[in-house]
Amino acid sequence: MSGGADGANGAAGDDGRPTLAVWKFASCDGCQLSLLDCEEELLMLAGAVRIAHFTEMSRASTPGPYDVSLVEGSITTEADAERVREVRAMSRRLVTIGACATAGGIQALRNFAGEGEYAGMVYAHPEYIAALETSTPISAHVEVDFELQGCPIDRHQLLEVLTATLAGRRPVIPGHSVCWQCKGRGTVCVLVAKGTACLGPVTRSGCGALCPAVGRGCFGCFGPAETANTASLAAQLRHQGMAPLELSRFFSTFNAAAPAFRDEAVAEGAPVRVALGATRRNRPWGAQ
Amino acid sequence: MRVGEAAVIDPRGLDELIRLLGDLGYETKGPVVRDGAIMPGAVRGVEDLPAGYQDEQAPGHYRLRRGEGDSLFAWAVGPGSWKAEMFSPTEELWRALVHGDDVSITEPESPVAPLAIIGARPCELAAMAVLDRVLADSAVPDPHYVARREGAFVVAAECGHPAATCFCTSMGTGPGVESGFDLALSELNDAGGHRFVLRVGTERGADVLARLSVAAATVDDLAARNQMVSRAAGAVHRQLANEGLPALLARNQEHPRWDEVAERCLACGNCTLVCPTCFCSDVRDTSDLSGEVRRGRVWASCFDLDHSYLHGGSVRTSVSSRYRQWLTHKLSTWWDQFGTSGCIGCGRCIAWCPVGIDITEEAAAIRETDGAVHAATARGVGPR
């Protein structure tokens, strides 16, 4: 294996292969499963890297440091906030995967609610729950080398990020809207031709434009596209008859706390309780 | 029947023509109804064409309905254009297998069957001519485009039912057509019956027509065709004022309208993706874990941040600069580059913009307040 991942702080495995670790925070495990979902490419990947820590796959775990860490999930407890700093310290490259790790996930709905409001609804004895008031992305806590969006992530994009990382090149992960993929595959725009509410124009491509291809509007699983103009899309959806509460909920799903979606949900009437700064600590790709 | 002459055929004759082109080895494609819109698709006979369908178009709005009657071409263009057939959204250029120092490169095979396009609109022929200047007649022709374009047999269909988003009359690209086709249909559906005036544009078209038994068009047929075209021209109400437009846009780079339109613009790229002349592409190299490297070309758009990515970052970070780039290239600098306008007046960018931004309205707004600048620019601060 050549390129950028060689000999990272002596992290490469005994046989010279770079090491890969997969970490879970507050999440459903779906994004990690995308790795196992790679099926035919999985053996090639296992040949190219030594999977040193991946509890979804094996109890065996090799101590760090690691060349590449994939981090799934958001930070919802003090303990996790500490643990992600340890993961960062052990990892040469840290790639966050999925809506939880990049935007706080569906559990970030609590960021909009009163203190303990959701815990009171879900748990019989919420007094046993020791959690932070907010669910926050990994980038709010440590530097992140690359963020892969999606709920869940697309396995082809995951393989692209890993392949590019191992080859020492920039991953080819477009930041533009879902519309690119609709037009590329010849899907007729459901928003224009049917008046179906669709978040595609403000959502990052990557899923292959699955929902519009079956006549549904985009739900925004992949989070905001680069420079997403949510206010203008919201105005159009209002014009087409969507009520403010409905609009607010439309933006408040898997990526509710992603700044572009959060701000629009708030503008449409979602309660603002926690002032979440758009803290970004990512370093540019290629920076060491 | 020779070039410049006209025949008349009924729907059964059109069916025979389509099947004949198929028998001659062409892949026959034309307008079909798919997912609530007129889209390019496989057409094996007249039964695949959108009989009785009518469209309703407005900025950010499109609806297709099954109406009265059996006319086959009583609609204006949908979101798909013939560009995608000749200039594919994704094109593999080559792939290479790398094993140590051993590199073997393979290029993909060329398409097998030439294309026969049934029912291309006059504005779409104009779009093909614009793309030819860019991709075929340039110093470095695009071999993929040229291969598909040169082999393509074009049966045009003149326009009798323009949409509210159409402005071909401003651009001189419709609703009638005089060149750029092998054969051209003009659908007539009146007291004289459901029939098509079929004009011959090329020797190749004449050769195909010679294989069918057709009657020459009568003086009445030709008069009805002329009437259809002039009636359609009168039904085109949207206008783009072209006079001095390239210079007007060139001198209004700091006009405040760019920021105003950017407040609405989603930068989603739909206008460029439906535009039948937008030709920007990106070349991407990818590798996989098996040692295979691929170089591919994909459609790109000036609304994508990556499009203006130079060393260290993107140049056009604001949406207003990206919209300005699109509109000024299309209507102004295209003239400098290729000697024509980049716009053919099909109105796709108006109908398929999710928020209904109208290129004719934006150009008119700048003309109305020619010379206006940002307050900040006037003070010498600069808007961006």
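This dialogue explains how to read the interfaces of a predicted model.

Q: What conventions apply to the model?
A: Residues are numbered from 1 along each chain as its sequence is written, and chains are lettered from A in the order in which they are written. The model is predicted, with local features needing pLDDT of at least 70, side-chain atom pairs counting only at pLDDT 80 or more, and totals for chains, interfaces and linings using all residues, while side-chain values use heavy atoms, with hydrogens and water left out.

Q: How many residues do chain B and chain A bring to their contact?
A: Contact means heavy atoms within 4.5 Å. Chain B gives 42 residues and chain A gives 34 residues.

Q: What area is buried between chain B and chain A?
A: Buried area is the accessible area (1.4 Å probe) that two parts lose on being put together, summed over both. Here the value is about 3000 Å², with 59% from carbon and sulfur atoms. Leu266(B), Leu289(B) and Pro354(B) supply 21% of the area that chain B buries against chain A, more than any other three residues.

Q: Which residues form a salt bridge, and how far apart are the closest N and O atoms?
A: A salt bridge is a side-chain nitrogen of Lys or Arg within 4 Å of a carboxyl oxygen of Asp or Glu. The rule finds one across the interface of chain B and chain A: Asp306(B) pairs with Arg170(A), at 3.5 Å between those atoms.

Q: Where do the domains of chain A lie?
A: Domain bounds come from an automatic or database domain assignment. In chain A, domain 1 covers 8-167 and domain 2 covers 179-267. Between these domains of chain A, the rule finds zero salt bridges.
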